[in-house]
Amino acid sequence: MIFEHKLETPAEAMISITKQVKEAIAQSKVTDGICVVYCPHTTAGITINENSDPHVVQDILLGLANAFPRLPAFRHDEGNSAAHLKASAVGSSAVVPIANGRPLLGVWQDTYFCEFDGPRTRTFYIKVIEC
Ligand code: ZN
């Protein structure tokens with residue numbers, strides 16, 4: 001079973017999509033399996049990280065901006081190579097095990113959609129697999 005979601009994003013952000021992950025698992029009625037969260041974009045990504053202190057998300061974005069600055073030597077015509085680099089570093093998917101009908105996310109973990117080149121209308125998918 002696959003679920004498609006749309007998001008309106010700002011210029012750059014990490015947006016929690018844990019609620020959508022939990023809803024997809026509940027709707028699928030899968031009690032044991034895995035959940036694949038995937039985004040089909042080249043300047044956005046999916047990751048799992050802390051949900052407690054909002055400074056962590058800000059620090060991740062700041063750290064990525066420092067690790068992948070806009071360089072005059074970049075040749076990509078669209079001018080968003082830094083966003084492409086951040087998307088590759090973060091990755092385009094995350095896998096969460098499901099047990100007893102619940103995602104095995106830690107208490108302090110959320111699943112995030114990461115926007116690096118917004119604002120845009122984005123899509124992400126949640127595939128729930130019984131196994
Ligand atoms: Zn580009």
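His76 is partly exposed, with a relative accessible area of 36%. On that scale buried means under 20% relative accessible area, exposed means over 50%, and partly exposed is in between, with a 1.4 Å probe and protein chains only. This is a predicted model, where local features need pLDDT of at least 70, side-chain atom pairs count only at pLDDT 80 or more, and totals for chains, interfaces and linings use all residues. Residues are numbered from 1 along each chain as its sequence is written, and side-chain values use heavy atoms, with hydrogens and water left out.

The zinc ion is coordinated by His76 through NE2, Glu78 through OE, Asn80 through OD1 and His84 through NE2, at 2.0 to 2.2 Å. Donors here are N, O and S atoms within 2.8 Å of the metal, or 3.2 Å for Na, K and Ca; water is not among the atoms, so sites may look incomplete. Along the sequence the donor residues follow the spacing H-x1-E-x1-N-x3-H. His84 is also partly exposed, at 23%.

What is the geometry of the site of the zinc ion? It is irregular, with angles of 88 to 149 degrees among the 4 donor atoms.

Next, the aromatics. The whole structure holds 1 aromatic pair. The ring centres of Phe113 and Phe124 are 6.1 Å apart and the planes are at 45 degrees, so the pair is tilted. Rings of Phe, Tyr and Trp (its six-membered ring) pair if their centres lie within 6.5 Å; planes under 30 degrees apart are stacked, over 60 edge-to-face, and the rest tilted. Phe113 is buried at 0%, and Phe124 is buried at 0% as well.

Now the backbone. Most residues other than glycine have a negative phi, and most peptide bonds are trans. Lys29 has a positive phi of about 65 degrees and is not a glycine; Lys29 is exposed, at 70%. Asn100 has a positive phi too, near 55 degrees, and is exposed at 68%. Between Gly118 and Pro119 the peptide bond is cis, with omega about 0 degrees.

Last, Glu8. Glu8 is exposed, at 60% relative accessibility. From Glu8 to Ala65 is 57 residues in sequence and 21 Å in space, C-alpha to C-alpha.

Note on methods
Tetrahedral: all angles 85-135°; square planar, octahedral: opposite > 155°, others 65-115°.
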